[in-house]
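Below is a short report on the spaces inside one protein model and on one helix pair. Please read it alongside the structure.

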Amino acid sequence: MLGLSQVEDPSMRAQPSSAMEKKGAGAAGRPPPVTEPASTVPWWKRTTVYQVYPRSFADGNGDGVGDIAGILGRLDYLRWLGVETIWLSPFYESPQADFGYDISDHFAIAPEYGSLADAACLIREIHARGMKVVFDMVLNHTSAAHPWFVASRLSREDPKRDWYIWRPGRGSRGQHPPNNWKSMLGGSGWHRDEATGDWYWASFLPFQPDLNYRNPAVKAQMLDVVRHWLEEGVDGLRLDIFNAIFKDASFCDNPFSFRAVPSEHNPHGFFQRNQHTIDHPDTLAFARELRAVVDGIEGPPRFLVGEVFGDADMLRRYCGAKADGLHLVFLFKTLGMRFSGRGVRAVIAEFERAFPEPFSPTYVFGNHDRPRFIHRLDLHHEKAKLLAMLQLTVRGVPFIYYGEEIGMRHHEIPLHEGLDPVAARYRFVPRWLVGFLRTRGILLNRDECRLPMRWDDGPNAGFAPATAQPWLPVPAESPSLNVAAQQGDPASLLSCYRGLLALRREIPALHCGALDLREDSALPAAVVAYRRTCAGETVDVFLNFGGREVELDLAEHAGRALYSNRTGEVEAAVARRTLGAYEGVVLFDRR
Ligand code: TEU
Ligand code: CA
């Protein structure tokens, strides 16, 4: 068998962490680093990414808030799991009004998460385990508490005035916003400021004023921020609402639209087309400029992944016509994907068409803003295993959101109890509408998908010591919905993820091969089938999205190895005549 058991090392079990003691832990008991397969395909196209939301991952000092020390204590778990790249949501200095997406100092770490030394230690320890690290970067806006904005709002003459987007209001006393532009959350994105009576622009929430990239000093400063963290050893950056960076300089009104609610693949809404506020040609040019900066950094290649919204063709434009823009963009269409043979085939076909080589699609089923996908699967772990098999055998970079590997679900928290500023903004929305939007992939209270990671069945699910009060609730759960319970169970969702991650790592056709989607009328409609090929090696994948057993003659695969998501084991293909409900199989040649 391929080295599927290679990382089978009991010392890699997650342990209740006293992270400080683990910090700087020596090599003793540490698994060997992931060996880089020789390949001409850049690492970031072959990698698997795991998103950590630091506030909710692990609390190292017992104050109820996740922190860097906590993450350090869990790195061996991530290494054991077999993910290759860790993306961390922001932990820079911030008033935490949007839990880190409101930065007040890009060069400092918020004390509740740790220190600069801790961040350096984290980068080092991730690298020591053969993994890569991606930081989150919010270029579009800062916190209103950032010293730049504090200065900017003081007077029209302040040297920092032009660092943000200020306009006089309309009407005789400037009492109306400068134009009709709406923020991404609906309602005017213009906010009048007392000191001068002028209005500033904020694409997201009022305390997140947008920077003015038409001012060369702003651009230069933010490029310095980017360079700084890459030079500190960070392997990539995830770019927050990158589609909003440049606004039209004419400040003309946005045109009317009948669309009420924006969606994953159509960001227009609130009854306007955001023509002048998103996807500006200058933002696309900026993507290329950033790419050049990143490519110019010494050391191993780094990558940029952009959070942008729209249809696949629009998104691809961010990668540059000559693949000279952002390396990757999130494709959120999967979040609304129907769990059916047809639904899945349509998504793969669209991504393959819009992101042919040398571009690469991404496969995302959740993040810190979205409902947890497992609810679309009726909390069914066998369905989740099939989804994992799709995500980890298809062509594209998979992004796994923490907890997906154990089937963590979201829990309903009423808007008025929400700590999320988006929940506060929508606190008068009736409960039925909140529920409806949730089924449509929109979370008005994002606390629901940010609940503490479930490490074990003990107090606070092992996220924080028993005496601590976690920042978000730790709801009662089934005793098997945690890492410790599932690590010991070969039939668990966690074991399935781990097996698939190993398979993907070890078979080049899976992590860098071409994909051929089979549109074969002889196949049952519920079955999605594709072939991955790389340097003469072929791997075939069959995924049954139906709840019934289907016939599948694998005679032509006689002699090959077969890996099933149901057993997590490798068997001989020849004996197979059927695929069970929600069963997926990967067929490959043993070496
Ligand atoms: O999110 C941008 C965004 O538009 C959505 O994902 C939004 O959070 C969601 O539709 C609300 O229901 C990014 C970050 O991912 C998010 O956490 C930040 O709050 C936001 O930007 C501002 O920085
Ligand atoms: Ca803490």
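## Largest cavity

The lining of the largest cavity divides into nine nonpolar, no polar and two charged residues. Nonpolar here means Ala, Val, Leu, Ile, Met, Phe, Trp, Tyr, Cys and Pro; charged means Asp, Glu, Lys and Arg; the others, Gly among them, are polar. Among the lining residues are Phe365, Arg372, Glu404 and Tyr497. Helices α11 and α15 are the elements that give two or more residues to this lining. The volume is about 100 Å³.

A cavity is a set of points on a 1 Å grid over the protein atoms alone where a 1.4 Å probe fits but cannot get out; lining residues have an atom within 4 Å of a point.

## Basis

This is a predicted model: local features need pLDDT of at least 70, side-chain atom pairs need 80 or more, and totals for chains, interfaces and linings use all residues. Residues are numbered from 1 along each chain as its sequence is written, chains are lettered from A and ligands numbered from 1 in the order written, and side-chain values use heavy atoms, without hydrogens and water.

## Second cavity

The second largest cavity holds about 80 Å³. Its lining has two nonpolar, four polar and five charged residues. Lys45, Glu357, Arg395, Arg504 and Arg532 are among them.

## Helix pair

Helix α11 (residues 381–393) packs on helix α15 (residues 493–506) at about 15°, with axes 10 Å apart. They are therefore roughly parallel (angles under 35 degrees). Residues in contact (heavy atoms within 4.5 Å) include Ala384 and Leu392 in α11, and Leu493 and Tyr497 in α15. By class, this contact has nine nonpolar, three polar and two charged residues.

Technical notes
Axes are lines fitted to C-alpha atoms, for helices over the stretch in contact, and angles run from 0 to 180 degrees between N-to-C directions. Helices (H or I, at least four residues) and strands (E, at least two) are DSSP runs, numbered from the N terminus. Angles under 35 degrees count as roughly parallel, over 145 as roughly antiparallel, 65 to 115 as roughly perpendicular and the rest as oblique. On a 1 Å grid over the protein atoms alone, a cavity is a set of points where a 1.4 Å probe fits but cannot get out, and a pocket is an open set with protein on both sides within 12 Å along at least five of seven lines; lining residues have an atom within 4 Å of a point. Grid points are joined across faces, edges and corners, and a volume is the space filled by probe spheres set on the points.
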